[in-house]
Amino acid sequence: MDGESSWINHCLDETVREFGEFDSFSELNDEGNTEATAVSVDLILPDDLLERILAYLPIASIFRAGSVCKRWHEIVSSNRFLWNFSHVLTQKPWYFMFTSCDESTSYAYDPTLRKWYGFELPNIKPDCFIASSCGLVGFMDNDSRSELYVCNPITKCFKKLVEPPGLKFSDYSALAISVDRISHVYTITVVKSKQVPGNFFQWDIAIHIYDSETRMWTTPLTEVFGGWRGGDESVICDGVLYFLIYSTGNGAPENRHGLIAYNLSSRFSHSLLNRSFIPVPCPLTCGRLMNLKGKLVMVGGIGKQDRADIIKGIGIWLLNGREWQEIARMPHKYFQGFGEFDDVFASSGTDDLIYIQSYGAPALLVFDMNQKQWRWSLKCPVTKRFPLQLFSGFCFEPRLEIAP
């Protein structure tokens with residue numbers, strides 16, 4: 001596997017520097033003895049029990065545990081530990097933030113410990129297309145839109161994929177990835193959209209699918225859309241590919257966006273626009289799609305009634321069948337907390353957390369779907385150095401046991 005190596009060899013120097021010293025001894029006070037007796041954990045716990053305990057730690061704490069002593073280092077490096085780790089509760093998703101300037105260091109936010117870590121990823125360019133699922137992140141370059149990598153951000157293992165078929169240079173492309181939690185087999189989709197020459201009203205749409213088992217691409221669907229084009233937003237939920245489409249100007253302002261659902265298992269190849277179109281819940285300035293526990297969730301900028309292209313707030317919706325259910329609207333104090341908020345913004349999520357970030361500042365807002373609570377993350381260490389500097393990011397589930 002290209003670039004594959006043991007995760008313990010990549011102990012994230014920046015992460016390690018964030019940690020304090022870890023004491024592997026406990027002091028037990030005997031009522032009949034005024035002296036404290038130091039008892040080593042190594043003498044008390046057998047390997048299998050210690051493995052289970054360590055597997056329940058937050059992932060950043062596992063890195064720290066691996067530097068305690070030789071025995072703990074060997075435990076967290078073992079295949080059996082990775083198996084134990086894969087069977088515990090899902091880790092809360094981290095958020096990776098980067099900037100448009102040429103700074104070499106980006107940052108990752110750990111919501112469990114509420115810390116930012118200096119973090120570097122291989123083969124990342126600020127303007128690339130990004131999608132994540134179950135510990136793996138896919139990257140596609142923005143120039144040719146044919147160079148793809150799959151990476152585990154925690155282990156730094158990565159793999160370059162063969163180029164997808166079809167047009168090498170498309171006007172718009174949308175990337176999505178879905179990983180099976182049991183088999184670790186993954187599917188990648190690229191939806192390409194290109195204007196029909198001389199006709200702005202018609203757009204060629206093609207769906208390309210990569211299977212990690214066969215290591216091959218297929219193109220089950222090509223279709224010409226009239227009045228709509230593809231974009232750069234897509235996600236896979238429970239075997240269905242969803243992607244946003246955008247009006248080419250002939251519709252009313254409230255119909256600037258639409259959603260297409262494509263079943264990856266049936267792979268029908270006709271009348272996609274007529275059979276699978278789902279209207280959005282309200283006029284949107286932009287929409288961000290994400291998979292939360294197998295359900296499609298959309299975070300959207302709500303447009304003003306008289307000017308649908310100007311944002312007045314942010315909403316969160318869950319798709320039930322073909323109907324949208326509103327989950328929450330961002331309170332105005334948080335919306336104002338971003339300062340100047342653009343009509344488009346970055347947002348991604350997994351499990352129960354949704355992250356929202358303005359492109360113009362490093363402020364990061366977190367919404368908990370379970371508790372229905374909004375809160376700011378701790379301030380990111382990155383600073384804004386010039387007025388037009390842009391920030392973006394994506395969330396990913398930190399995993400140790402999965403490799404591309």
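A search of the whole structure, which is a predicted model, finds 20 aromatic pairs, where rings of Phe, Tyr and Trp (its six-membered ring) are taken to pair if their centres lie within 6.5 Å, planes under 30 degrees apart counting as stacked, over 60 as edge-to-face and the rest as tilted. The rings of Trp 94 and Phe 119 have centres 6.3 Å apart and planes at 75 degrees, so this pair is edge-to-face. It links distant parts of the chain, with Trp 94 in strand E3 and Phe 119 in strand E5, 25 residues apart; helices (H or I, at least four residues) and strands (E, at least two) are DSSP runs numbered from the N terminus. Both Trp 94 and Phe 119 are buried, a term that means under 20% relative accessible area, with exposed meaning over 50% and partly exposed in between (1.4 Å probe, protein chains only).

The rings of Tyr 109 and Trp 116, by contrast, have their centres 5.1 Å apart and their planes at 45 degrees, so that pair is tilted. Tyr 109 counts as buried at 1% relative accessibility, and Trp 116 is buried with a relative accessible area of 6%. Trp 94 and Phe 119 also belong to one aromatic cluster, together with Phe 96, Phe 98, Tyr 117, Phe 139, Phe 394 and Phe 396. Lys 156 lies over the face of Phe 119, at 5.7 Å from the ring centre, and the charged end of Arg 229 sits over the ring of Tyr 172, 3.9 Å from its centre; the criterion is NZ of Lys or CZ of Arg within 6 Å of the ring centre and within 35 degrees of the ring normal.

The largest nonpolar core has 31 residues, and those with the most contacts inside it are Phe 81 and Trp 94; such a core is a set of buried Ala, Val, Leu, Ile, Met, Phe, Trp, Tyr and Cys residues joined through side-chain atoms within 4.5 Å. Among the elements that each supply at least two residues of this core are helices H2 (47-55), H3 (59-65), H4 (70-77) and H5 (79-86) and strands E3 (94-99) and E5 (115-119), and H3 gives the most, with 5 residues. A second, separate core of 22 residues includes Ile 316, Phe 345, Met 369 and Trp 374.

In H5, the buried residues are Phe 81, Leu 82, Asn 84 and Phe 85. They cover an arc of only 160 degrees around the axis, which puts them on the same side of H5, the arc being that of the directions from the helix axis to the C-beta atoms. The face turned away from the buried side of H5 carries the exposed residues Asn 79 and Trp 83. The buried residues of H5 pack against H2, H3 and H4, contact meaning heavy atoms within 4.5 Å.

Strand E23 (residues 353-357) is mostly covered, with 5 of its 5 residues buried. Leu 353, Tyr 355 and Gln 357 point one way from E23, whereas Ile 354 and Ile 356 point the other way. E23 pairs in the antiparallel sense with strand E22 (residues 346-350) over 5 bridges and with strand E24 (residues 364-368) over 5 bridges, pairing requiring that DSSP find at least two bridges between two strands. Ala 346 stands opposite Gln 357, and the bridge partner of Ile 356 in E24 is Leu 365.

Residues are numbered from 1 along each chain as its sequence is written. In this predicted model, local features need pLDDT of at least 70 and side-chain atom pairs count only at pLDDT 80 or more, while totals for chains, interfaces and linings use all residues, and side-chain values use heavy atoms, with hydrogens and water left out.
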